[in-house]
Amino acid sequence: CGLKEGQTSADFSKQKLGPINCKMMAAEFEFGWFIAAVTELNCLANNFGDDGLAALLTAVKGSSVRTLCGLKEGQTSADFSEQGLGPMDCKMMAAEFEFSGFIAAMTELNVLGNRIGEGADSLIEVFEQNDKIRTLLGIENGMQMLDLSGKGLDPGQAKVLVAELNA
């Protein structure tokens with residue numbers, strides 16, 4: 001994967017990586033090469049597919065990796081707006097909540113301006129199960145008026161907005 005000895009973070013975001021690349025990363029974890037010391041990965045905005053994501057999640061389970069989304073320990077908000085994210089990225093974020101990665105400390109996420117589509121369902125499920133999360137769309141607490149014109153809302157983001165308004 002091009003890592004150096006002792007490297008603890010790696011940014012693989014927006015590299016057009018596919019399922020095969022995920023399987024290669026998984027193999028490196030299995031063999032314990034340099035990637036074994038990594039705690040922070042950013043794998044967002046790629047084309048992993050369900051099989052690739054499953055391979056990556058299996059590989060990082062029980063490893064030193066605490067994030068697949070490029071987050072830092074103790075970080076409580078993350079602005080992922082307009083970063084070219086898709087449904088698979090939402091699934092990756094939800095999976096990180098499941099393995100209690102750095103994302104578990106989040107109170108605010110912003111996925112506005114991304115075509116998240118059916119990935120919204122994964123985020124909504126996390127939102128409904130985690131009362132620490134106040135927003136998935138970067139909506140400030142106590143806001144009385146919200147102008148989302150020009151924000152490129154797709155049907156997935158509209159579903160997230162409905163979930164937030166109903167919470």
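Predicted model: local features only at pLDDT ≥ 70, side-chain atom pairs only at ≥ 80, totals over all residues.
## Overall fold

The chain contains five helices and four strands. In sequence order, these elements form the pattern β-α-β-α-β-α-β-α-α. The radius of gyration is 16 Å, close to the 15 Å that the globule rule gives for 167 residues, so the chain is as compact as a globular protein of that length.

Along the principal axes, the C-alpha atoms fill a box of roughly 50 × 30 × 25 Å.

## Surface and charge

Of the 167 residues, 46% count as buried. The chain exposes about 8800 Å², and carbon and sulfur atoms supply 49% of that area.

There are 23 negative side chains and 13 positive ones. The centres of these two sets lie 3 Å apart.

## The nonpolar core

The largest nonpolar core has 51 residues. Leu41, Phe80 and Met93 are the residues with the most contacts inside this core. Two or more core residues come from each of helix H1 (19–31), helix H2 (49–60), helix H3 (87–98), helix H4 (120–129) and helix H5 (155–166). H3 gives the most, with six residues.

Leaving aside residues up to four places away in sequence, Met93 touches Leu44, Cys69, Phe80, Leu85, Ile103, Val111 and Leu123. One of these partners, Phe80, is itself among the residues with the most contacts inside the core.

Terms used
Residues numbered from 1 in each chain as written. Heavy atoms only, no water. Rg over C-alpha atoms; globule rule 2.2 N^0.38 Å. Buried < 20%, exposed > 50% of the residue type's maximum accessible area, 1.4 Å probe, protein only. Areas by Shrake-Rupley, 256 points an atom, 1.4 Å probe, with all protein chains shown as cover. Lys, Arg positive; Asp, Glu negative; His and termini not counted. Charge placed at Lys NZ, Arg CZ, Asp CG, Glu CD. Core = buried A, V, L, I, M, F, W, Y, C linked by side-chain atoms within 4.5 Å. Contact = heavy atoms within 4.5 Å.
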